[in-house]
Each structure stands twice: as structure tokens, then as C-alpha cells.
Amino acid sequence: MARSSSGFVAGLTAVALAAVGFLAYQASASAPDTLAEPRTPASSSSTSKKPGGKEAKPDALPPLSGQGERVVYALGSDRVWLVGEGGKVLRTFTVTPSTVDPLPGEYAVSTRSGAITGSDGTPIEHVVRFAQNDGVAIGFSAAKDGSTPKPDPSKKTGGIRESREDGLAMWEFATVGTSVVVVD
């Protein structure tokens, strides 16, 4: 009797392990290749005509925005691109600008902080600093509560706010020394 009980338990265990393995395979097959890629296309990915009749995406990487692996920040559209090897856009997203903008040009990530309180008093995370202007440190960050409100125009702040998901992608991509190109 003891022998048949242990055989039965061993059989159930084998079936359970096979089911868990199958479910793990299904989960991995539907997971994104990298956490840096968005799960859904950006809502602003529609196309428009450029002069000359060529199709252009409003979220396309700006021309003359540098070379190699880099972060590109377009002041006019409040959009960021994380650009990998070979100029491949790994991720693009919109941000809420600070009251003090960086000047157009090329910078490098200078410092990072995992979690601090922003100059506006908001608890923030994944802070990636790259510039200074008018005595204000400028960098990307995400509010811990996920909010991206417009900053108070009466205060000088340098926090360019991202969603928490985009902030994590920036944090993983933009280590100290990573190039940041700011364009108009």
C-alpha cells in the first residue's frame, strides 16, 4: 500500500511540474524581448506628409540628433528617444518639461539617484541628471505616485518628468557617461 501511494504522489508531482513548465513557456513566449520596449505603440504614431510627399512619423527620431548610443530629447515636442547600437530606436515617449530647459547641445549623464525628493517637494525615483542651466540641475525623473503634472511656473525646477515605466527604461539605459543630445 505504501508503495502505491508514493507512486501516485510521484505521478502527481510529475504532472504538476509539466503543467508549471508549460505555463512558464507560454508566459515567456508572450513577454517582450526587453523591458525597454513599450508594450503598446505610442498613441501619437500616426503619419503625416512632409514637404516632397514623403511620409513622416511625428515620433520619428529627429535628423541631426547625434550618432551612436544616446538619449535624444526634443524640446519642441517634449519627446525622448532611447537610441541603441546602429541608431535603432529602442523606445520613445513623451515627457512633461521642467520650468528650466537645457540648452540644445550634447551632454553626458553626470549623476544618478535611485530615490530622492524633487526640487518641487515631490518624492521621485530613477533620477538621471545631465545638464545645468541658470544654476538649476536638469535631469529626467519619475514621480513615485506616477503623476506628471505641469510644474509651477513661478519656481525654477529642472525635473523632466516621465511615467514610472518610462523612468525605469531611462534608468536602465542611461548610465553615467551616456550621451544626451538636446534638440529644439
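This is a tour of a predicted model, one selection at a time.

**Before selecting.** Residues are numbered from 1 along each chain as its sequence is written. Local features need pLDDT of at least 70 and side-chain atom pairs count only at pLDDT 80 or more, while totals for chains, interfaces and linings use all residues, and side-chain values use heavy atoms, with hydrogens and water left out.

**Whole chain.** Colour by secondary structure: the protein has two helices and eleven strands. Helices (H or I, at least four residues) and strands (E, at least two) are DSSP runs numbered from the N terminus. Along the sequence the order is α-β-β-β-β-β-β-β-β-β-β-α-β. Of the 184 residues, 34% are buried, meaning under 20% relative accessible area with a 1.4 Å probe and protein chains only. The accessible surface (Shrake-Rupley, 1.4 Å probe) is about 10900 Å², and carbon and sulfur atoms supply 57% of that.

**Select β4 and β5.** Strand β4 (residues 79-83) pairs with strand β5 (residues 89-94) in the antiparallel sense over five bridges; pairing requires at least two DSSP bridges between the strands. Valine 80 stands opposite phenylalanine 93 in β5. The two strands make a hairpin with five residues between them, and in the turn glycine 86 has a positive phi of about 70 degrees.

**Select β7 to β10.** Here an open sheet of four strands runs in the order β7-β8-β9-β10, with mixed pairing. Strands β7 (111-117) and β10 (159-162) are at the edges with a single partner strand each, so one side of each has no neighbour in the sheet. From one strand to the next, the twist averages 30 degrees. Strand β9 (residues 136-143) runs parallel to β10, joined by four bridges. Glycine 139 has glycine 159 in β10 as its bridge partner.

**Finish at valine 180.** Valine 180 lies in strand β11 (residues 179-183). Is valine 180 buried or exposed? Valine 180 counts as buried because its relative accessibility is 1%. Show its contacts (heavy atoms within 4.5 Å): leaving out residues up to four places away in sequence, they are Val71, Gly105, Glu106, Tyr107, Ala108, Val109, Phe130 and Phe140. A distance label between the C-alpha atoms of valine 180 and glutamate 69 reads 9.2 Å, although the two are 111 residues apart along the chain.

Key. Buried < 20%, exposed > 50% of the residue type's maximum accessible area, 1.4 Å probe, protein only. Axes fitted to C-alpha atoms, helices over the stretch in contact; angles between N-to-C directions.
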